[in-house]
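My entries follow the structure.

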Amino acid sequence: MTTTLFSDARKVDADGEVDGFWMLVDGDVIVATGTTVPGSRAAAEVTSGVDATRASSATSGAPDGPTAGGAVPPPADVTVDLAGATLTPGLIDLHTHGGGGHAFDGGPDDLDAGLALHRRHGTTRSLISLVANPVPVLSRSLGLIGDLMRRDPLVLGAHLEGPFLAPDRRGAHAPHFLLEPDAATVESLLEAGDGIVRQVTLAPELPGGLDAIDRLVSSGVVAAVGHTEADFDLARAAFDRGASLVTHAFNAMAGIHHRDPGPLVAAVGDERVTIELILDGVHVHPAVADLVLRSAPRRVALITDAMAAAGAADGDYRIGELAVTVEHGVATLTGTSTIAGSTLTQDAALRIAMLQTGLSAVDAVAALTLVPAHVLGVDAGGRRAGTPAAQAGVARTAQAGGVRPSLGRLAPGHVADAVAWHDDWTVARVWAAGRELPAG
């Protein structure tokens with residue numbers, strides 16, 4: 001395989017910031033890392049537990065010594081000189097419905113075009129989110145996503161945001177497509193999306209809701225509490241049954257009241273739970289976002305919940321069969337004030353996190369990389385990889401003879417997904433699985 005050396009970068013990932021960073025990529029995997037700047041911040045963590053000297057020597061064939069401390073990068077077939085630019089892992093989006101004028105419940109061309117838009121903005125791995133629709137329609141969409149995954153490994157699977165939602169908390173989901181999560185319906189969707197469905201949002205108060213969480217988790221699917229009337233106690237019961245995610249915090253659920261804390265307080269207090277957050281300045285005020293980010297460190301995943309208008313012009317769109325109007329970048333159900341997804345891209349969420357919430361660059365990057373990798377259990381044995389859903393998913397993959405990629409860090413053994421950034425934190429270049437993606 002071709003080896004590529006990325007040199008002279010300012011690395012920022014969940015392990016810290018490192019100046020003079022280099023990494024060696026063999027095919028699609030990072031095999032060695034180091035720094036040419038002694039004493040650089042977090043230099044001890046740069047190899048994430050792998051000795052830089054040994055990794056470099058093993059890759060280059062050189063004896064131990066010349067690469068001591070990782071100061072001398074090994075030779076490679078191709079060198080990418082980043083000239084001091086910031087380099088982060090590729091961004092991971094757990095929740096997105098489209099972009100570039102294309103909805104993900106459309107056809108193959110819509111899927112390709114929408115993903116291309118988000119990849120230009122630094123998102124290298126995505127779950128494809130589907131709104132509530134009749135079960136046969138969802139099954140057809142899952143089939144298309146399965147076809148896409150076979151030709152595009154950057155797609156991690158599907159997220160069913162519907163149909164198991166509370167009617168009065170449905171948001172931009174058609175009310176006549178909502179269903180209770182009875183065993184037969186849950187089973188039919190899992191069968192239709194076998195190995196494809198990775199995440200399901202549901203309201204645990206619906207009849208069969210807690211039992212559905214059991215079934216999802218046992219299948220290696222992440223169960224997310226969302227679009228719900230659940231109170232504090234019911235949310236805790238859902239988490240005890242294995243739900244490990246909250247869908248877009250504060251939106252389509254009760255807020256926080258001093259005598260009725262609601263599901264978010266339950267999530268913040270539970271180390272097993274990750275919290276999705278749409279950080280676009282519209283869905284959640286940055287001051288409230290800052291409160292959640294500080295209250296649940298490294299447990300908030302920044303998502304887009306983007307609809308087709310992300311990266312496209314204002315105008316008229318659709319989410320499922322519902323009409324949406326986008327004005328000044330804000331999407332609402334036509335004729336109402338109900339927010340209908342976002343027009344956000346993840347690079348914009350990163351900038352808002354740093355500029356409007358006061359989150360450090362390291363923690364902001366983690367919220368878009370390692371934290372969502374934890375949710376899906378693709379974080380090289382990290383904290384969330386020990387959840388029942390992650391364990392079941394790994395077991396299922398092993399039985400199928402596959403290997404889940406390790407994502408979320410710039411470290412040996414991780415897939416070579418990376419984003420180079422301009423000084424203003426706009427995207428300069430993007431690589432996924434060691435391959436540079438088109439810029440436009």
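Below are my short notes on what I looked up.

I am working with a predicted model, where local features need pLDDT of at least 70, side-chain atom pairs count only at pLDDT 80 or more, and totals for chains, interfaces and linings use all residues. Residues are numbered from 1 along each chain as its sequence is written, and side-chain values use heavy atoms, with hydrogens and water left out.

**Entry 1: strand S14**

I looked up S14, residues 274-278. Strands (E, at least two residues) and helices (H or I, at least four) are DSSP runs, numbered from the N terminus. I call a residue buried under 20% relative accessible area, exposed over 50% and partly exposed in between (1.4 Å probe, protein chains only). In S14, 5 of the 5 residues are buried, so the strand is largely enclosed by the rest of the structure. Thr274, Glu276 and Ile278 lie on one side, and Ile275 and Leu277 on the other.

**Entry 2: its partners**

Strands pair if DSSP finds at least two bridges between them. I found S14 paired in the parallel sense with S13 (residues 245-246) over 2 bridges. Leu245 stands opposite Thr274. S14 also pairs with S15 (residues 300-303), again parallel, over 4 bridges. There, Leu277 has Leu302 as its bridge partner.

**Entry 3: Ala433**

I found Ala433 in the loop between S20 (427-432) and S21 (435-436). Its relative accessibility is 27%, so Ala433 counts as partly exposed. Asp26 is 407 residues away in sequence, yet 10.0 Å away in space, C-alpha to C-alpha. Beyond neighbours within four places in sequence, Ala433 has contacts (heavy atoms within 4.5 Å) that include Gly27, Arg125 and Asp417.
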